[in-house]
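Hi,

Here is the structure I promised to pass on. Have a look at it first, and then read my notes below.

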Amino acid sequence: MQSSLLSLPQQHAPEVMQYAPEPPPAASYPSSTVELGDLKRILVRRRFLILATAALLTLGALLYGLFTPALYSSVAEIIVDPQDLQVVTNDVNPSRVPPDGGITMVESQVAVVQSSGVLLRAIAATDLTKDPEFNGQGGLLSHLLGGVLGSGSAETDRTGKTLDALRRRLAVKRADKVLVLDVIVTAKSADKAAKLANAIAQAYLTDQAAARAKMATDASDSITARLDEQRKRVQQAENAVEAYKSAHNMVMAAGNLVSDQELTEINTQLAAAQSRTVALKAQVDQLRRPGGAPDATSEAMRSAVISSLRAQEATLVDQVSQLGTELGPRHPSMMAAQQQLRDTRALIARELGRIGAAAETDYERALANQQALEAKVAGLKSKSLDTDQASVKLRELQRDLEALRSVYATYLQRAQETREQVNVDSTNARIISNAMPALKKSWPPLGLLVFGAFFGGLGLGTGLALIAEYSSPTVLSSAQMQSAIDAPVVGVLPAKSARRRWWPFGSAATPAGQKMDAVAGLALRRLFSSSQRPPNWPLVPSILVTSAPEDAAQRGRVARLLANAAAARGSRVLFIDTNAGKGQKEPQPGLLDVLRGEYAFEALSQYAPGSNVAVLGKGRPKAAFSEAQGVYFTQHMLAQASRNFELVVVDGGALADNLNASPLVAMVDEIVLVATLNATPMRDVTAASQAISVMGRLPTGALLVDEAA
């Protein structure tokens with residue numbers, strides 16, 4: 001229990017020496033943020049939280065896997081070729097392969113397979129609305145909700161629930177760079193899953209065929225509806241052409257005007273007549289030419305009579321020549337032969353004359369015919385000039401008529417083609433693999449769930465551990481401690497126990513006693529190597545050990561370790577324990593009695609048996625003392641202790657709760673703050689450092705206790 005302080009009059013206060021140990025120069029220490037190496041301490045300290053989280057999640061996953069009804073998945077495969085079957089050249093669905101190879105088109109078929117139209121076909125084909133697994137009528141909760149929230153037709157409501165349930169159990173996937181759709185259905189029965197997958201695949205093919213047939217029907221109906229209009233337009237155009245020809249007296253034959261045809265024919269006849277006239281004139285001119293040879297004409301050469309007479313003439317000439325040699329010119333036979341020769345030549349001459357007269361006659365007839373044709377052509381040309389202007393409008397009307405006939409013929413042919421396409425399935429999608437009943441359940445995957453839950457629990461537990469550490473940070477490292485108190489950490493002591501440490505990846509620790517003695521000795525050397533004591537200072541070297549209230553056990557152990565380490569080197573040590581005597585009904589005189597001046601220091605200090613360490617207890621807190629009085633007697637005690645001791649180690653307790661130790665804080669050389677790694681909250685370290693600061697000093701060092709070492 002803390003005593004109240006008494007104020008002594010200033011004139012009666014004992015004189016106090018003016019020196020007070022100065023803190024070491026300020027040093028720059030690392031930031032107090034958590035380092036990667038400190039995570040190990042956090043995870044080890046909070047390992048039970050991490051393992052408990054992992055165990056809970058693993059147990060939940062195990063229970064879920066054991067009590068959840070098994071589900072089975074079956075897959076039906078459909079290949080969709082972007083290049084459809086081309087039944088006719090001018091198809092309603094043109095067969096073209098997109099630039100991306102049809103991937104986009106096939107990808108869109110994934111949504112088509114999952115569409116309501118396809119699924120409703122499959123539901124109707126399998127009578128799925130009567131299946132409690134899909135129609136929403138399988139549980140008590142469904143019946144209750146249906147009775148409270150149900151609305152509309154029961155059949156419609158059941159179909160909608162079945163459709164939603166089937167859509168949740170359906171997955172349609174397409175692997176990369178392939179044109180195959182995987183239709184995956186999950187159900188509580190393997191046979192049912194396979195049946196539904198096949199039904200959906202078949203419903204997709206039926207839906208595609210029906211959609212294409214509907215497209216062809218709609219196109220045919222639309223074109224047929226336009227045929228009557230096109231027929232009327234053709235009739236109107238034909239009537240316009242005929243009316244125009246009748247109005248202008250334009251008779252057509254074979255698509256052309258009769259006058260034009262007649263003019264063309266007369267021109268042809270005229271050209272032929274002119275050619276014949278020229279030929280006959282040349283023949284007549286040859287016959288009329290003086291000295292000409294009538295028998296040399298082509299007509300004479302082709303005449304059979306001339307040829308026969310020429311043959312007779314040749315025979316008679318030969319006969320006359322022979323008779324003239326044998327009988328002489330006066331012989332009657334000779335004279336008869338000569339007379340026959342003259343008669344034959346006269347016949348030839350008369351025949352040639354007839355040929356010439358015939359040529360003259362033909363020439364005159366041909367010339368007359370030519371002149372008649374020329375006159376007729378002149379008349380027709382005059383008439384044709386009169387109808388040219390009317391023909392321009394007629395040709396325009398005829399072009400319109402031909403265009404309308406062409407459109408009408410196209411419509412008629414297209415209507416026939418589309419009408420035939422209604423009954424032809426031009427799609428090129430087919431089922432390449434029917435779904436088979438699954439041999440193993442697809443859900444729940446017990447091993448995977450347990451594995452994932454365990455490692456997920458480890459991750460979640462780690463996150464919770466880090467959150468807990470962030471919300472209430474503890475001392476994690478020497479650098480963090482140095483940054484918090486602005487003083488060096490002179491050592492890290494291992495835990496007291498010498499047994500093997502618990503560590504997931506560790507091994508046996510070194511004996512704790514040897515390590516603790518070594519660290520304590522090294523800490524003493526570091527503390528006094530940087531001491532700022534003036535030369536020939538009369539007070540004994542002293543160390544005050546303090547900590548947060550939660551680290552009382554570690555603080556007492558560290559104080560004793562420091563005393564024992566100094567004693568082990570042959571030094572005589574005074575150990576002052578400000579916590580000794582708590583709970584005793586009649587405390588023995590000790591430090592508080594010395595600070596009040598009631599007892600001499602030499603009378604109260606006692607050596608431990610077989611040791612170089614003398615122990616001084618807390619004493620009796622029956623009366624309070626002023627701070628000035630306590631500082632004086634503290635100085636006097638340390639001066640007297642210098643005669644018999646080389647070091648004073650004070651267990652100062654938690655200074656925030658032990659104001660009686662403030663005189664000691666003012667006079668000791670070193671103030672060491674003790675904290676436990678990964679256990680002492682940083683707020684307690686800050687509170688202890690602030691308490692030392694309020695008493696006019698700053699911590700000169702820190703000693704950490706590592707429970708994991």
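**What I found**

In this predicted model, the largest nonpolar core is built from 33 residues, and Leu 166, Ile 200 and Tyr 204 have the most contacts inside it. Two or more residues each come from strand E1 (72–80), helix H3 (103–113), helix H4 (116–126), helix H6 (154–169), strand E2 (170–174), strand E3 (180–187) and helix H7 (190–247). The most is given by H7, with 10 residues.

**The open sheet and its surroundings**

Four strands form an open sheet in the order E2-E3-E1-E6, and their pairing is antiparallel. E2 and strand E6 (429–433) stand at the edges with a single partner strand each, so one side of each has no neighbour in the sheet. From one strand to the next, the twist averages 30°. Between E1 and E6 there are four bridges, in the antiparallel sense; here Val 80 has Ala 429 of E6 as its bridge partner. H7 comes up again here, lying across E1, E2, E3 and E6 and running at about 20° to E1.

Follow the chain on from E6 and you come to Leu 439, in the loop between E6 and helix H12 (446–471). Is Leu 439 buried or exposed? Its relative accessibility is 84%, and the cut-off for exposed is over 50%, so Leu 439 counts as exposed. Leu 439 and Tyr 72 are 367 residues apart in sequence, yet their C-alpha atoms are 8.3 Å apart in space.

**A covered strand**

Next, please look at strand E12 (residues 647–653), where seven of the seven residues are buried. Leu 647, Val 649, Asp 651 and Gly 653 point one way from E12, Val 648, Val 650 and Gly 652 point the other way, and all of them are buried. Which strands pair with E12? Strand E8 (residues 542–547) runs parallel to E12 and is joined to it by five bridges, with Thr 546 opposite Gly 653. Strand E9 (residues 573–577) also pairs with E12 in the parallel sense, over five bridges, and there Asp 577 stands opposite Asp 651.

**A helix with buried residues**

Helix H13 (residues 478–485) has Ala 479, Gln 480, Met 481, Gln 482 and Ile 485 buried. Their cover includes strand E7 (489–494), strand E13 (670–676), helix H20 (682–694) and strand E14 (701–706). Just after H13, Asp 486 has a positive phi of about 60°.

**The chain as a whole**

There are 20 helices and 14 strands in the chain, and 38% of its 709 residues count as buried. Among contacts with a separation of 6 or more, 83% are between residues 24 or more positions apart. The chain exposes about 38800 Å², and carbon and sulfur atoms supply 56% of that area.

Happy to go through any of this with you.

Best wishes

Conventions: Residues numbered from 1 in each chain as written. Predicted model: local features only at pLDDT ≥ 70, side-chain atom pairs only at ≥ 80, totals over all residues. Heavy atoms only, no water. Core = buried A, V, L, I, M, F, W, Y, C linked by side-chain atoms within 4.5 Å. Buried < 20%, exposed > 50% of the residue type's maximum accessible area, 1.4 Å probe, protein only. Contact = heavy atoms within 4.5 Å. Pairing = 2+ DSSP bridges. Axes fitted to C-alpha atoms, helices over the stretch in contact; angles between N-to-C directions. Areas by Shrake-Rupley, 256 points an atom, 1.4 Å probe, with all protein chains shown as cover.
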